[in-house]
Amino acid sequence: LSSKILIKGGTVVNADHQEFADVYIEDGVIVDVRPNIKVSDEFRVVDATGKFVMPGGIDPHTHLAMEFMGAETIDSFFSGQAAALAGGTTMHIDFVIPVRGSLSKGYEAYVEKAKLSCMDYGFHMAITKWDDTVSKEMEIMVKEKGINSFKFFMAYKGALMINDELLLEGLKKCKSLGALAMVHAENGDAVFEGQKRMIELGITGPEGHALSRPPVLEGEATARAIRLAAFVNTPLYVVHVMSIDAMEEIARAQKSGQKVIGEPVVSGLVLDDSTLWDPDFITAAKFVMSPPIRASGHGKALQAALSTGILKLVGTDHCTFNSTQKSIGIDDFRKIPNGVNGLEERMHLVWDTMVESGQLSVTDFVRVTSTECAKLFNIYPRKGAIRAGSDADIIIFNPNSTFHISAKSHHSKSDTNVYEGRSGKGKVEVTIAGGKIVWENEELKVVPGSGKYISMPPFNYLYHGIDKADENYFASFKAPVNRIKSSL
Ligand code: URP
Ligand code: ZN
Ligand code: ZN
Ligand code: ZN
């Protein structure tokens, strides 16, 4: 099989411009991008006339093979990535969960899981406790293991949740390492209280999940995390922004000049909470994720925020549990494993919801699905661009074809799909990952072990708009006030 490919006659789209050009690929790398490239017979020529040639999607937020709430997500690194490739996503960043608080043990476990990979991936890491060992291990992760982002869960009381003291330690440590702090922003203590209230009222079904953790608790935690990040003077990334309440806190902070990045996820953009009241348990439970899917006005507002640039990149929080696993919570919504699918559907649904509706341009589509993520996590222009020298992770997208979503035809191992029955304009017809055609004519050609780990270097503080790493809130208070003792 030829490792030389020419994509001919398409419109090449990058985040900053589009142009008619051919793309010459050899040994996994883009060699040239310009009109009318002539090649020899050994090239596989792919006709892209009338189609868009775009960087493969990068999903900043996934959970493959994660042990969570008494279950393990049904998609492995192989099945989840295969699904991703069929939907035009060629890289994802997954969250390493420490093992009993140990970062190195968690890292080793994820290295093992990821050996099945059929596309490129990177790691974020969750921080679930605090001591000198954790602090030291964070340093090792950044300096030796290629991890430049750490996530703090402000919810999941009794499991992953951290308190403000730990969050502050974590923010300071991230800042000193040039790592990006990420938060799951919900007030976990109040959620716990809300859940008890629902059970006392006899509301044990999936609707209790949404009722127990309303938008105000997401807004509160988002505001608190933002203010603590301001206190430390370090950037903050808010994962899965699901509500107007959280989005408005992010907008306010940005207006004041603070570096806060908000990540909407596909479920929050396109779904609404009505399904949680479905009388069939599984039909409702498959939509249970945290923060919960909100009433429809929230999704519309998040779309507008993505359109105007308050929110800058779209993830999925792909975290799939099948019907049997969701049934663990049949008598108590608190036991339903939290999470929904999205890796395979993200590109199509963002196109349909944002581009077809006129809320984003085609170049903006590339920015929010790929380039922004590559820049933010410091792997641009190796990823997120179609230009000479970049990795050959490319999709050919036909804007005149249509996509259809169903659990019957998707590539995730889950038996349900929260987007069941949806269809719309636009279709990923070809996916090229690492210079190989892995998706074509509705067929996947993927090999376990072919995906590479993408090391993500620590940040240059200038990128985040902070001049000096040591500049902080306390700088103006360096000299103590010289009190006059006699005044006593
Ligand atoms: O419900 C969710 N979001 N499950 C995945 C874990 C997390 O909070 O991101
Ligand atoms: Zn150009
Ligand atoms: Zn989360
Ligand atoms: Zn998540």
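How many Å should the 12 residues of helix α8 span at 1.5 Å a residue? I looked it up: the expectation is 16 Å, and the end C-alpha atoms of α8 (residues 244–255) are 16 Å apart, so the two agree. The expected span is 1.5 Å times one less than the number of residues.

**Ground rules.** I am working with a predicted model: local features need pLDDT of at least 70, side-chain atom pairs count only at pLDDT 80 or more, and totals for chains, interfaces and linings use all residues. Residues are numbered from 1 along each chain as its sequence is written, while chains are lettered from A and ligands numbered from 1 in the order in which they are written. Helices (H or I, at least four residues) and strands (E, at least two) are DSSP runs, numbered from the N terminus.

**Helix α8.** I listed its buried residues: I244, D245, A246, M247, E249, I250 and A253. Buried means 20 or more other C-beta atoms within 10 Å of the residue's own, exposed means 12 or fewer, and partly exposed is in between; C-beta atoms are placed from the backbone. The cover over these buried residues includes α7 (215–232), β13 (236–238), β14 (260–262) and α11 (296–308). Contact here means C-beta atoms, placed from the backbone, within 7 Å. Just after α8 I found G257 with a positive phi of about 95°.

**Helix α3.** I turned to residues 132–144 next. This helix has 13 residues and reaches 18 Å between its first and last C-alpha, close to the 18 Å expected. E137, M138, M141 and V142 are buried. Down the axis of α3, the buried residues fall within an arc of 135°, so they line one face. The arc is that of the directions from the helix axis to the C-beta atoms. An α-helix has 3.6 residues a turn, so residues three or four places apart point the same way. The face turned away from the buried side carries exposed D132, K136, K143 and E144. The buried residues of α3 pack against α2 (103–113), β10 (120–127), β11 (149–153) and α4 (164–177). G146 follows α3, with a positive phi near 75°.

**Ligand 1.** Which residues are around ligand 1? I noted H63, H184, H240, M289, S290, D317, C319, N338 and G339. Near means a C-beta atom, placed from the backbone, within 6 Å. By class the shell has two nonpolar, six polar and one charged residues. Ala, Val, Leu, Ile, Met, Phe, Trp, Tyr, Cys and Pro count as nonpolar, Asp, Glu, Lys and Arg as charged, and the others, Gly among them, as polar.

Most residues other than glycine have a negative phi, and most peptide bonds are trans. D317, from the ligand 1 shell, has a positive phi near 60°. D317 sits in the loop between α11 and α12 (323–326), and counts as buried because it has 28 C-beta neighbours inside 10 Å. S290, also in that shell, is joined to P291 by a cis peptide bond with omega about -10°. I also logged a cis bond from Y380 to P381, with omega near 5°.

**Strands.** Strands β15 (residues 394–404) and β16 (residues 423–433) run antiparallel and are joined by eight bridges. Pairing requires at least two DSSP bridges. N398 stands opposite K427 in β16. β16 and β17 form a hairpin with two residues between them, and G434 in the turn has a positive phi of about 55°.

Technical notes
Two residues are in contact if their C-beta atoms, placed from the backbone, lie within 7 Å.
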